[in-house]
Amino acid sequence: MTGGTWYAKPQVDLNVIHVDMDGFTERSGGGAALKVSGTDETVFVATPALEVGTQMGFNGTLVRPFVRGGVSFYSDADFPLVAGFAAAPGVAPFKTTGEIDDVVGNISAGVTVLGTGRGVVTLSYDGNFGDDLESHSAAAKASWRF
């Protein structure tokens, strides 16, 4: 959707994440060394989002700033592990579960500058926020067309 020099771009990202972890046994733990069973888990993620941006020209240089907001919905964010003590094979193993947020808010902002020559510079920020999760990343990318 456009309106003059600005645009709005609705989008939906669909992801499948598969984690496959081999079992392992801790070393040098003495009687407390754990023997962890292998596990695998598949998580489906849907992320609807809306990006809004514009395009401006300054003396032959094109500037394209944007902001994006969305929400990621995870199908199952629990990662169970079964473990026991390696030196105590008669003791029943126990199960522990690592969890991540089922719903995570996402924000992004950035700008791409296309120079009068062949250079392009992009700066961006991404943030993810949940009840127990907070993640920030920034990126800078420069390229030269030839």
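This is a stop-by-stop tour of a predicted model, to be followed in the viewer.

**Stop 1: the whole chain**

Start with everything shown as a cartoon. The chain holds zero helices and 12 strands. Read along the sequence, the pattern is β-β-β-β-β-β-β-β-β-β-β-β. The radius of gyration is 23 Å, well over the 15 Å that the globule rule gives for 146 residues, so the chain is more spread out than a compact globule.

Now colour by accessibility. Buried residues account for 18% of the 146 residues. Switch to a surface: the chain exposes about 9,800 Å², and carbon and sulfur atoms supply 59% of that area.

Next, colour by charge. There are 9 positive and 16 negative charges. Their mean positions lie 17 Å apart.

Of the contacts between residues at least 6 apart in sequence, 55% join residues at least 24 apart.

**Stop 2: β1, β2 and the turn between them**

Select residues 2–3 for β1 and residues 6–21 for β2. These two strands pair in the antiparallel sense over two bridges. Pick G3: W6 in β2 stands opposite. The hairpin of β1 and β2 has two residues between the strands. Click G4 there and read its phi, a positive value near 75°.

**Stop 3**

For a landmark, select V16 and find its bridge partner in β5, F44. Show side chains here if you like. In a regular strand the side chains alternate between the two faces of the sheet.

**Stop 4: the open sheet**

Which strands form the open sheet, and in what order? Four strands do, in the order β3-β4-β8-β9, with antiparallel pairing. The edge strands are β3 and β9 (94–99), because each pairs on one side only.

Step across the sheet from β4. β4 and β8 pair in the antiparallel sense over three bridges. Select K35 and look across to G84 in β8, which stands opposite.

Move on to residues 78–85, which are β8. This strand and β9 pair over six bridges, again in the antiparallel sense. D78 has E99 in β9 as its bridge partner. L81 stands opposite T96 in β9.

**Stop 5: A32, in a loop**

Select A32. This residue lies in the loop between β3 (24–25) and β4 (34–36). Is A32 buried, partly exposed or exposed? A32 is partly exposed, because its relative accessible area is 47%, and partly exposed covers values between the 20% cut-off for buried and the 50% cut-off for exposed.

Show the neighbours of A32. Leaving out residues up to four places away in sequence, A32 touches E26 and F85.

Now draw a C-alpha to C-alpha distance from A32 to W6. How far apart are A32 and W6 in space? The gap is 61 Å in space, with the two residues 26 apart in sequence. W6 is the residue opposite G3 at Stop 2.

**Stop 6: N59, in another loop**

Jump to N59. N59 sits in the loop between β6 (56–58) and β7 (61–74). Check its backbone: phi is near 50°, a positive value in a residue other than glycine. Then check its cover. N59 counts as exposed because its relative accessibility is 80%, and exposed means over 50%.

**Stop 7**

Select residues 103–114 for β10 and residues 119–129 for β11. They run antiparallel and are joined by 10 bridges. A hairpin links β10 to β11 through four residues. Pick N106 and find N128, its bridge partner in β11.

β11 and β12 pair in the antiparallel sense over 11 bridges. Here too a hairpin makes the join, β11 to β12 through four residues.

Technical notes: Residues numbered from 1 in each chain as written. Predicted model: local features only at pLDDT ≥ 70, side-chain atom pairs only at ≥ 80, totals over all residues. Heavy atoms only, no water. Buried < 20%, exposed > 50% of the residue type's maximum accessible area, 1.4 Å probe, protein only. Contact = heavy atoms within 4.5 Å. Rg over C-alpha atoms; globule rule 2.2 N^0.38 Å. Areas by Shrake-Rupley, 256 points an atom, 1.4 Å probe, with all protein chains shown as cover. Lys, Arg positive; Asp, Glu negative; His and termini not counted. Charge placed at Lys NZ, Arg CZ, Asp CG, Glu CD.
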